[in-house]
Amino acid sequence: MRPKARGQSGRRVRIKRVYDPPAPRDGYRVLVDRLWPRGISKKDLALDAWCKDVAPSEALRRSFCHAVERWDDFVERYRGELRAGRASELVDDLVQRAREGGVTLLYAARDSAHNNAVVLQQEIERRVKARPRRA
């Protein structure tokens, strides 16, 4: 029997705007932006964690400034940040959570195709496939 194709709804790691309502299939919901999203109070956001240290550095965030023409450079530099130091440890934790029941990465950007959650989702899924489970 062939495994089902995994669309966005079948992924271990989903991405969702903070302004979208939570769903039961979201699993562990984590905000992955360095800044708190505008217009949402902390008590109103269904959230398990706010993981600022996995967000792009302040310098990288400012240099990208959601300019699509800078996307490729942003992706390369952000992947480097995700593979070093504290950010790498946090990604490993998200990898484990994804294996155990799914993770939803929450972001505030308007552009659903060009934001840090897209890159982080790819990095987590790469590590899920590449590394053995933790004991």
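Colleague: How do you know that the span of helix 3 agrees with its 17 residues?

Modeller: This is a predicted model, and we can check the helix in it. At 1.5 Å a residue, the 17 residues of helix 3 should span 24 Å, and the end C-alpha atoms are 25 Å apart, so the two agree. The expected span is 1.5 Å times one less than the number of residues.

Colleague: What makes Leu90 and Val91 count as buried residues of helix 3?

Modeller: Buried means under 20% relative accessible area. Leu90 and Val91 are listed as buried in helix 3, along with Ala87, Leu94 and Val95, among others. The cover over the buried residues includes strand 1, strand 2, helix 2 (71-82), strand 4 and helix 4.

Colleague: Why are strand 2 and strand 4 called a pair?

Modeller: Two strands pair if there are at least two bridges between them. Strand 2 (residues 28-31) and strand 4 (residues 103-107) are joined by 4 bridges, so they qualify, and they run parallel. Leu31 stands opposite Leu106 in strand 4. Helix 3 (residues 85-101) packs on the sheet, touching strand 1, strand 2 and strand 4.

Colleague: And what makes strand 1 and strand 3 edge strands?

Modeller: Let's follow the order. The open sheet has 4 strands in the order 1-4-2-3, with parallel pairing. Strand 1 (13-17) and strand 3 (49-50) each have a single partner strand, so one side of each is left without a neighbour in the sheet.

Colleague: Which helix lies across strand 1 and strand 4, running at about 170° to strand 1?

Modeller: That is helix 4, residues 116-130.

How values were computed: Residues numbered from 1 in each chain as written. Predicted model: local features only at pLDDT ≥ 70, side-chain atom pairs only at ≥ 80, totals over all residues. Heavy atoms only, no water. Helix = DSSP H or I, 4+ residues; strand = E, 2+ residues; numbered from the N terminus. Contact = heavy atoms within 4.5 Å. Axes fitted to C-alpha atoms, helices over the stretch in contact; angles between N-to-C directions. Buried < 20%, exposed > 50% of the residue type's maximum accessible area, 1.4 Å probe, protein only.
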